[in-house]
Amino acid sequence: MNNFVAIDFETANGQRSSVCSVGVVIVRNGEIVDNFYSLIKPYPNYYSWFCQEVHGLGHQDTDRADEFPEVWVQVMAKVKEYFPFMEDGEVPFVAHNAPFDEGCLKAVFAAYEIKYPNFEFLCTCRKSRQVWKEGHHNLDIIAGYCGYDLKNHHHALADAEACAVIGIKIL
């Protein structure tokens, strides 16, 4: 597969709708061509200790950020520069542990009462289990197998870049 959009969300708490950052990497013709990153004011707007420990984000980072609907308009504007018919299923989204990221996207669409366009999602974690039968399949480990040194794990853009590299190699 040569064309896809790698995506990663970080969440503020245990609610999937609480996305607090998004990273997007656009792959066209097997090459990374662009990216997008934004902080997001989460919904609901509170941070769990665990999530803050994972990604380091908190109210100080997102209280002045745009809410999801405004950020999603920016995401889709960037994606549509390369894939004008993205909402019509032109290319899939790719995520490492896609059920989580797809679940976040569906939950935040529902929280804001936005009609979900039924994007196609592919999972690099699931595919990595087919390629490498043994061992752990964490994003940083699989990224390393694919030649990407994930130094800033749990930063949405770094994770999306790692996922894009994995997708290019194994999808």
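β1 (4–11) and β2 (19–28) run antiparallel and are joined by eight bridges, where strands count as paired if DSSP finds at least two bridges between them. This is a predicted model, so local features need pLDDT of at least 70 and side-chain atom pairs count only at pLDDT 80 or more, while totals for chains, interfaces and linings use all residues. Residues are numbered from 1 along each chain as its sequence is written, and side-chain values use heavy atoms, with hydrogens and water left out. Helices (H or I, at least four residues) and strands (E, at least two) are DSSP runs, numbered from the N terminus.

**Strand β1 and its partners**

- On the β2 side, V5 has I26 as its bridge partner.
- β1 also pairs with β4, this time in parallel, through two bridges.
- V5 turns up here again, standing opposite F93 in β4.
- Eight of the eight residues of β1 are buried, buried being under 20% relative accessible area, exposed over 50% and partly exposed in between (1.4 Å probe, protein chains only).
- Both faces of the strand are covered: F4, A6, D8 and E10 are buried on one side, and V5, I7, F9 and T11 on the other.

**The largest pocket**

- The largest pocket comes out at about 450 Å³.
- Among its 20 lining residues, D8, H96, N97, F100 and H154 are the closest to the centre.
- β1, α1 (49–55), α4 (98–111), α5 (124–131) and α6 (139–145) are the elements that give two or more residues to that lining.
- For the search, a 1 Å grid is laid over the protein atoms alone: a cavity is a set of points where a 1.4 Å probe fits but cannot get out, a pocket is an open set with protein on both sides within 12 Å along at least five of seven lines, and lining residues have an atom within 4 Å of a point.
- Grid points are joined across faces, edges and corners, and the volume is the space filled by probe spheres set on the points.
- By residue type, the lining splits into seven nonpolar, seven polar and six charged.
- Here Ala, Val, Leu, Ile, Met, Phe, Trp, Tyr, Cys and Pro count as nonpolar, Asp, Glu, Lys and Arg as charged, and the others, Gly among them, as polar.

**Helix α7 and the segment after it**

- 12 of the 15 residues of α7 are buried, so this helix is largely enclosed by the rest of the structure.
- Its buried residues include L157, D159, C163, V165, I166 and I170.
- The cover over these buried residues includes β1, β2, β3 (31–39), β4 (93–95), α5 and α6, with contact meaning heavy atoms within 4.5 Å.
- L171 sits in the segment after α7 and is partly exposed, with a relative accessible area of 27%.
- Leaving aside neighbours within four places in sequence, L171 is in contact with M1, V94, T124, K127 and I166.
- L171 and V131 are 40 residues apart in sequence, but their C-alpha atoms are 9.9 Å apart.

- The 14 residues of α4 should span 20 Å, and the end C-alpha atoms are 19 Å apart, which agrees.
- Its buried residues are A98, D101, G103, C104, L105, V108 and F109, and they pack against β1, β2, α3, β4 and β5.
- E113 lies in the loop between α4 and β5 (121–123) and has a positive phi near 55° without being a glycine.
- E113 is exposed, at 76% relative accessible area.
- N118 is in the loop between α4 and β5, and its phi is positive too, about 55°, although it is not a glycine.
- N118 counts as exposed at 63% relative accessibility.

**V71 in helix α3**

- V71 belongs to helix α3 (residues 68–82) and is buried, with a relative accessible area of 1%.
- Not counting residues up to four places away in sequence, V71 touches V22, F36, S38, L39, I40 and D66.

**A cis peptide**

- Y43 and P44 are joined by a cis peptide bond, with omega about 0°.
- P44 is in the loop between β3 and α1.

Notes:
Expected span 1.5 Å × (residues − 1).
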